[in-house]
Amino acid sequence: MPAKKKTPASVNGDIFSKTDVESLKKAFMTHVEYTLAKDSYSTTKLDAYMAIAHVVRDHLIERWLKTQKAYYEQDAKRVYYLSLEFLIGRTLGNSLVNLGLLDECHKALHDLGYSLEEIRDLEWDAGLGNGGLGRLAACFLDSMATMGLPGYGYGIRYEYGIFFQKLINGYQVETPDNWMRYGNPWEFVRPEHLYKVKFKGRLQDYRDEDGVMHIEWVDTEDVMAMAHDIPIPGYGTETVNNLRLWSAKSTRAFDLSFFNSGDYIGAVQHKNETENISRVLYPSDQVREGKELRLKQQYFFVSASLQDIIRRYKKTHNNFNSFPCKVAIQLNDTHPAIAIPELMRILMDEEGIGWDKAWEITLGTIAYTNHTVMPEALEKWPVELMEQLFPRHMQIIYEINQRFLTEVQKCFPGDTGRVRNMSIIEEGAVRMVRMANLAIIGSHSINGVAELHSRILKERVFKDFYQVMPEKFQNKTNGITQRRWLKKSNKALSSLITEHIGDKWVTDLSELKKLLPLVDDASFRKKWQTAKRKNKAVLSRYINDNIGVDVDLDSMFCSQVKRMHEYKRQLLNVLNVITMYNRIKDDPKADFVPRTVLIGGKAAPAYFMAKLIIKLMNCVADVVNFDPDCEGKLKVVFLSNYNVSLAEIIIPATDLSEQISTAGTEASGTGNMKFALNGALTIGTLDGANVEIGEEVGDDNIFIFGLTAPEVEKLENSGYNPMEYYEKNTELKRVIDMIADGFFSHSSPDLFKPIRDSLLYHGDKYLLLADYAAYVKCQDEVSLAYLERDAWTRKSIINVANMGKFSSDRTIAEYADDIWNIKPVAVS
């Protein structure tokens, strides 16, 4: 007789599925011994992290398997979120919160002689993204799982994530972010899901026995995509969804003929070149090799994901008639836009479906989210490079373009300008493929991510498309998950909130409205202030331990932490810092509302101006922080290597959130939401989601300054002259002259002249000088408001109470209803 199959431990209800403290301790010690092969004498803190991670993972697995089973049994429509970035940060703490195991694990580890806080700090951030785009994707996955929606993430398993930022003599220096150095206990390798991805080659026509013409893509350079799965648990639910990341593998380990002839380097060269595709997040595209690698990355993960999606669909369906009814694919920006010709290629060349039906399926399946209003940020690729890498896809793109433009010409005969603007192919000295145009034409829905952003898309950026197909365009204002950005990262405040209004806000953020009656409760306001001070103390210790600067807890903590880019105007913040410094120096005995200015963010390695601004910030910090006149009044701190974990320390401690991009440039922003949810007041322009935050919290509880988007456009069209602002404003002139004349760079007086030149002689593209006076005036108003600490606290509470709109749960519910047409699936 065959041996009886052993029932899995979790089904038996043993220690691996129980949540009491004693069972967690036993599970921990079991993993120490049987997973890590250690005993109590040899266990390190890293071993302890690995052991508790495996304990938590055990609690995910059974739910994970049940979730997938439920989706199949109910033949649920599923959404697949394709994103080149997933900035998930650390997983342990988030999983403990969502599983409801945080307190029990804290006690279990304490009993075993470990600190959960110390162990959590050993986890390396999974830096699989560059900023808001990737963090948004991570928030969306959390919301889908919490809401019981059948959603999957697809991306790349970068061996090296966003670079590790070091500061050496005030300069940004990039070092590799080897986030998997010690292994990743949260991932499951799926070697059975291995897909071939093709590049280059040539096309071959042939007719079958029925005389039907077929096109075959042959003589290709092939790469294998291997799946790695990460479970994504919902909060307080049995649902555990899946994030599938692809790693590139060679079709063979190495060429034996090279090896046998003694060419050992040549033997492994092909393997290394192949696997470079998933090596690094965003390789530099300043050279052709970098452009080619980045484009290969995009197609690599799209092709593997579509093959996987189709494999899953075909398990329960024998034709493609129901494909759009069972599959929704969301493109997170233009990076995955090549999914449109790839899906067409698979349907036509591999499944034998005709053009019209294949186009109907593709259009009914794919939707596109745009994340930028700046034309230079809309992806374009050289036609010549696309034809070399993807000869069949370019045939399909040409056909899509020709058919679409024919329809446009019918609607607008003789309007060659419109046809030129709407073409997927941009004509010029170097012909380019416009990926945004491809995404719009090949998607059934196009959405912006804030009301202002969506309006700009319709009225300016994609005006021609909106006039032809207005029904495709809609808005989905971004959101954030309150589970990570309040409950997990701000225990002091979240505990206070739960104590007074209950914990329903964790899954329904509109519940925070119940805080409004407490605004007038003096004892509650005092507790609110205590929570903020506790968080400021945590950040203060971090700054002292890592940077060696002492900051005053009574000072106003003013934070601007985000990707470094000129349109985000970190430089405007610096101009104000120098202005405050000059005012202190001019009258050291005058009253001054103390401030600690916190700035953090990474500049792209090839972005000269952004890196120079980082250097300027650090030089200004050196002058300010070592000037005795500024003691107790002003400190400046650049927080290096800004990431999700550091954000979870900075955001709860912040009093003032700096959201000061030029109006009409920021699509939405989500940092503004995170700060406001944690009780920071916002100083900002009417840009991105700042507009909607202002509408929710009220004009009296936000500090708005500067030109509006229409005013920006009008000023630019009328001939903006930054020199006029420089000549007329003595404080501004003094600040710029100090920067240009070497006040902050004595050893290299000309170091910062490029910054002066960009502002005065190269057009001041983002209108810093036009907004400077209004910004400084608004900052003065902020200082006066901060003096009235009780009134400030009232505003802080009102901000938090009105953040319900900005939960990613609301955003995802709108996507599910308006774009994906998917419903929650019960998992039991």
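**Helices, sheets and a pocket in a predicted model**

Me: How many residues has helix α23, and what does it reach from its first C-alpha to its last?
Reply: This is a predicted model, in which local features need pLDDT of at least 70 and side-chain atom pairs count only at pLDDT 80 or more, while totals for chains, interfaces and linings use all residues. Residues are numbered from 1 along each chain as its sequence is written, and side-chain values use heavy atoms, with hydrogens and water left out. Helices (H or I, at least four residues) and strands (E, at least two) are DSSP runs numbered from the N terminus, and the expected span of a helix is 1.5 Å times one less than its number of residues. Helix α23 (residues 608–625) is close to its expected 26 Å, with 18 residues and a reach of 26 Å.

Me: Why is α23 described as largely enclosed?
Reply: Buried means under 20% relative accessible area, exposed over 50%, and partly exposed in between (1.4 Å probe, protein chains only). The rest of the structure largely encloses α23, because the buried residues number 14 of the 18.

Me: Which residue in β23 is the bridge partner of S657?
Reply: Strands β22 and β23 are joined by bridges and run parallel. The partner of S657 in β23 is T682.

Me: Is I119 buried or exposed?
Reply: I119 lies in helix α5 (residues 116–120). Leaving aside residues up to four places away in sequence, I119 touches A48, Y49, I52, L92, L109 and Y114. L92 is 27 residues from I119 in sequence, with 9.4 Å between their C-alpha atoms. Because its relative accessibility is 2%, I119 counts as buried.

Me: How many residues of strand β11 are buried?
Reply: Strand β4 (residues 151–156) pairs with β11 in the parallel sense over 5 bridges, with I156 opposite W246. Strand β10 (residues 221–233) pairs with β11 in the antiparallel sense over 10 bridges, with P233 opposite V240. The rest of the structure largely encloses β11 (residues 240–249), since its buried residues number 9 of the 10.

Me: Which residues lie nearest the centre of the second largest pocket?
Reply: A pocket, on a 1 Å grid over the protein atoms alone, is an open set of points where a 1.4 Å probe fits, with protein on both sides within 12 Å along at least five of seven lines; lining residues have an atom within 4 Å of a point. The second largest pocket holds about 390 Å³, a volume being the space filled by probe spheres set on the points, which are joined across faces, edges and corners. Of its 17 lining residues, those nearest the centre are P375, L378, N437, V461 and F462.

How values were computed
Two strands pair if DSSP finds at least two bridges between them. Contact means heavy atoms within 4.5 Å.
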